[in-house]
Amino acid sequence: EHQNCFFIEKPENSPFRETIGFLDIETSGFYADYDFMLSWCILNNDTGEIEYDLIKPDEILKEYTFDKRIVGSLSLALKKYDRIIVYNGIDYRFDIPFSRTRALRWGIDFPGYKEIYVEDAYVVVKQKLRLSRKKLGNACGLLEIPAKSLPGDPNIWMRATAGSKKDLDYILEHNKEDVISLRDLYNRLTKFMLHGKKSI
């Protein structure tokens, strides 16, 4: 009868049960006209499995296709979900606009209006909590949720952007850690959220 109760209880006998994924991307920078995606991860809330893709060094160094392949795989992966959860990632922020921009750059069919719902846990942290900093790691730290054991060292990101396989692998593990932390944070905050029908 109540939408929030539906999201919390997730009844098995419901005629409609949303598939929820937790999305995070890692990029070479913050602006999608100059920068490109390095990796993406989506954690499936039902299975706990993480689907991901990682740019290959040759895509940077030799082929100059950069993130074309992984933006394509992300666009396909997103379509498996009814609702995507991000952190600081909805319109006017980062993950979704960056991904959409890169898809448009490559002529890739990114999910359109009303195809997928999206929620941003950052909005809840900003509106419902009173923290000195609103970054994912800080919110998780307050609630004793493991986060950021693999920090975002700028030297690693620069080497990865230059095609270092070792550093790209580090970034992927950092990316996986972030979606796990995001899921745990979301589950702690979900009772304070309005689970509406905001489109991707």
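## Arginine 183 and aspartate 184

In this predicted model, arginine 183 and aspartate 184 form a salt bridge, with 3.1 Å between the closest N and O atoms. Arginine 183 is partly exposed, at a relative accessible area of 22%. Aspartate 184 also counts as partly exposed, at 26% relative accessibility.

## Other salt bridges

Side chains of opposite charge can pair when their charged atoms come close. The whole structure contains 14 salt bridges. One of them links the side chains of arginine 69 and glutamate 59, at an N to O distance of 2.6 Å. Arginine 69 belongs to helix 3 (residues 68–78) and glutamate 59 to helix 2 (residues 57–61), so this pair ties together parts that are ten residues apart in sequence. The accessibility of the two partners falls into separate classes: arginine 69 is partly exposed, with a relative accessible area of 30%, whereas glutamate 59 is buried, with a value of 5%.

A further salt bridge connects glutamate 173 with lysine 176, where the closest N and O atoms are 3.6 Å apart. These two residues are three positions apart in helix 8 (residues 165–189), so about one helical turn separates them. Glutamate 173 is partly exposed, at 38% relative accessible area. Lysine 176 has a relative accessible area of 18% and is buried, because the cut-off for buried is under 20%.

Five strands make up an open sheet with mixed pairing, in the order 3-2-1-4-5. Its edges are strand 3 (50–54) and strand 5 (117–120), each of which pairs on one side only. On average, neighbouring strands of the sheet are turned by 25° against each other, direction ignored.

Within this order, strand 1 (residues 20–27) pairs with strand 4 (residues 83–86) in the parallel sense, over three bridges. Glycine 21 has isoleucine 84, in strand 4, as its bridge partner.

## Helix 4 on the sheet

Which strands does helix 4 lie across? Helix 4 (residues 95–106) lies across strand 1, strand 2 (37–44), strand 4 and strand 5. The helix runs at about 70° to strand 1. Strand 5, one of the strands under discussion here, is also an edge strand of the sheet.

How values were computed: Residues are numbered from 1 along each chain as its sequence is written. This is a predicted model: local features need pLDDT of at least 70, side-chain atom pairs count only at pLDDT 80 or more; totals for chains, interfaces and linings use all residues. Side-chain values use heavy atoms; hydrogens and water are left out. Two strands pair if DSSP finds at least two bridges between them. Helices (H or I, at least four residues) and strands (E, at least two) are DSSP runs, numbered from the N terminus. Axes are lines fitted to C-alpha atoms, for helices over the stretch in contact, and angles run from 0 to 180 degrees between N-to-C directions. Contact means heavy atoms within 4.5 Å. A salt bridge is a side-chain nitrogen of Lys or Arg within 4 Å of a carboxyl oxygen of Asp or Glu. Buried means under 20% relative accessible area, exposed over 50%, partly exposed in between (1.4 Å probe, protein chains only).
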